[in-house]
Number of protein chains: 2
Amino acid sequence: MSLLVIGTLAYDTIETIHTRRIDVLGGSAMYFSIAAGMFVPVQLVAVVGRDFRPQDLELLKKSNIDTSGVEHADGRTFRWSGRYESDWNTRHTLETQLNVFEKFEPKVPTAMRAATWVFLANAAPKVQMRALDQVTKPKFTVVDTMNLWIDTARADLLHLLRRVDAVVLNDEEARMLTGERNLIKAAGAVLGLGPRYVILKKGEHGAFLLGKDVHFSLPAYPIGDVVDPTGAGDSFAGGFMGHIAEQGNVNPETLRQAMLYGTVSASWCVQGFGIEALAGRTRREIDARYDDLRAICTVP
Amino acid sequence: MSLLVIGTLAYDTIETIHTRRIDVLGGSAMYFSIAAGMFVPVQLVAVVGRDFRPQDLELLKKSNIDTSGVEHADGRTFRWSGRYESDWNTRHTLETQLNVFEKFEPKVPTAMRAATWVFLANAAPKVQMRALDQVTKPKFTVVDTMNLWIDTARADLLHLLRRVDAVVLNDEEARMLTGERNLIKAAGAVLGLGPRYVILKKGEHGAFLLGKDVHFSLPAYPIGDVVDPTGAGDSFAGGFMGHIAEQGNVNPETLRQAMLYGTVSASWCVQGFGIEALAGRTRREIDARYDDLRAICTVP
């Protein structure tokens, strides 16, 4: 009953209205793994360059993450740089250097191919597909994507969507994918593309889950001081999948709980630069905030 | 244990991307009363001009609303006209004609001065204050306001806020009033201005209630086809206060339920032009949607 993630490890340069940080440890699979590793052991498939810092690999290992699927390739690690406006919702990508990720051919180690729970973090749909092809019998596969792929690799993405159980999208991506402005209509349209579930993330406005047997809407956890929203979506996915893997099922009750855990992971993520706030958390802190969130959202 | 509202009755001209309607029956007290009248009898204090249509007064009377506090003044009824962008969140006010509302001196009839539950719908804070002065011993007073008064009558508004139990604000108003961009911080700052509770409305993103003994956050009811968002906030307030008046208390449990009823009233409101969708509802339909909303938001 293992949890496998395929995605990026990166060094990000992040500018906020308050400060600028260079070579912050990040990447979709990084955030996901740190969040999910608080629930279950995580199997990670990714690629890094020769410049990947040994202490960053150590951090992964210490965080309940099996790094035997991390390939060390010649060249530099994937780099992204971006700037946030004061409202945190507006993000400008300043530069993307694919580096070793450009020719990344995901190789799922033999021992990881029997994974039960699979998260395909944001990457070209063809790369995601080739990773999924190597997993023998996943029970529940979730895919993430981004506007770039919706725009430039739509056919591949639509093909992939027919092979996965769930997709996580933010509001903008859901609108782009379906052409529906209204988010509840957009989510309904996404279900028509194949997945059994869609998780629609709205940042500070919360998230909702739509599927045939479940419709669940949840506000975000209120955070007074956002430091850096980078990785919030991947952290959400990590908490979500981590709880599912720990429970060992995708019953509606488990899925609802997973939405709360995803929300909690994302809320810790945005309280520090990169993974620094999230990675420092204990399971006890995660659960305490889960209880807080539950109290804030409990309907009479 | 009666519910009193002081506010506007109006004829609105509303433009959406789909259509344009002239002289649509509206006004803050109209929406509030129609929503609240499904729970308890409503006592209405307002002013209309000689052009106010008899059938519109009849509609109020048929809707559980005591119109003996509606003054008929010489001149034309208050008129507002506005245009919505395709995202529904951007609203341009095209024209405001105060007309008979310009010299409105609220006169609360003697029989209504013992009101227990009071809603001061959006008006100049001085007018709201003069209305409140006539109520002998309200148990729970809620005030609404708008950016215009925050900007031009801040001192009056701050004075009023120290005399009420709760304030309803939208996200923009909360930010303007407090200078805090983050909404949870803004809500906290509003509590510092006097009210025991703040209800912060975020349109399609839901609403939250913050007070000393309660913090409750709720997503909006998902509506696929918005027709006209005019009056959604006042309808929210109507459902909210209607339930409180019906229950006869402001326990945390009642307040949470009231947030759901407010959300339900607002969701019906936006499904038609003006009050047409909301006014046609039965209590059974309100309660059925309450149950729907509850199901969508029930945390595990």
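A:Cys269 counts as buried, at a relative accessibility of 0%. The structure is a predicted model. The cysteine sulfur closest to that of A:Cys269 belongs to A:Cys297 and lies 19 Å away, which is too far for a bond. A disulfide requires two cysteine sulfur atoms within 2.5 Å, so the sulfur of A:Cys269, at 19 Å from its closest counterpart, forms none. B:Cys297 is likewise in no disulfide. For B:Cys297, the nearest cysteine sulfur is again that of A:Cys297, in this case at 8.7 Å. B:Cys297 is buried as well, its relative accessible area being 3%. Over all chains, the number of disulfides in the structure is zero.

The contact between the two chains was examined next. Chain B contributes 31 residues to the contact, and chain A contributes 31 residues. About 2,700 Å² of area is buried between chain B and chain A. Carbon and sulfur atoms give 55% of this buried area.

Polar and charged pairs also link the chains. Between chain B and chain A, 14 residue pairs are in polar contact, with both residues of each pair at pLDDT 80 or more. Two salt bridges are counted between chain B and chain A. A salt bridge joins the side chains of B:Lys185 and A:Asp225, with a distance of 2.7 Å from N to O.

On the side of chain B that touches chain A, at least two residues each come from α7 (183–191), β13, α9 (252–269) and α11 (283–297) of chain B. Of the residues on this side, α11(B) supplies the largest share, namely five. By residue class, the side of chain B that touches chain A consists of 13 nonpolar, eight polar and 10 charged residues.

With a relative accessible area of 9%, B:Ser217 is buried, because a residue counts as buried under 20%. Leaving aside residues up to four places away in sequence, B:Ser217 touches residues of both chains. From chain A these are A:Pro219, A:Ile296 and A:Cys297, and from chain B they are B:Ala207 and B:Phe208.

Technical notes:
Residues are numbered from 1 along each chain as its sequence is written. Chains are lettered from A and ligands numbered from 1 in the order in which they are written. This is a predicted model: local features need pLDDT of at least 70, side-chain atom pairs count only at pLDDT 80 or more; totals for chains, interfaces and linings use all residues. Side-chain values use heavy atoms; hydrogens and water are left out. Buried means under 20% relative accessible area, exposed over 50%, partly exposed in between (1.4 Å probe, protein chains only). Contact means heavy atoms within 4.5 Å. Buried area is the accessible area (1.4 Å probe) that two parts lose on being put together, summed over both. A salt bridge is a side-chain nitrogen of Lys or Arg within 4 Å of a carboxyl oxygen of Asp or Glu. A polar contact is a pair of N or O atoms within 3.5 Å; within protein, one must be able to donate a hydrogen and the other to accept it, and residues adjacent in sequence count only if both atoms are side-chain atoms. Helices (H or I, at least four residues) and strands (E, at least two) are DSSP runs, numbered from the N terminus. Ala, Val, Leu, Ile, Met, Phe, Trp, Tyr, Cys and Pro count as nonpolar, Asp, Glu, Lys and Arg as charged, and the others, Gly among them, as polar.
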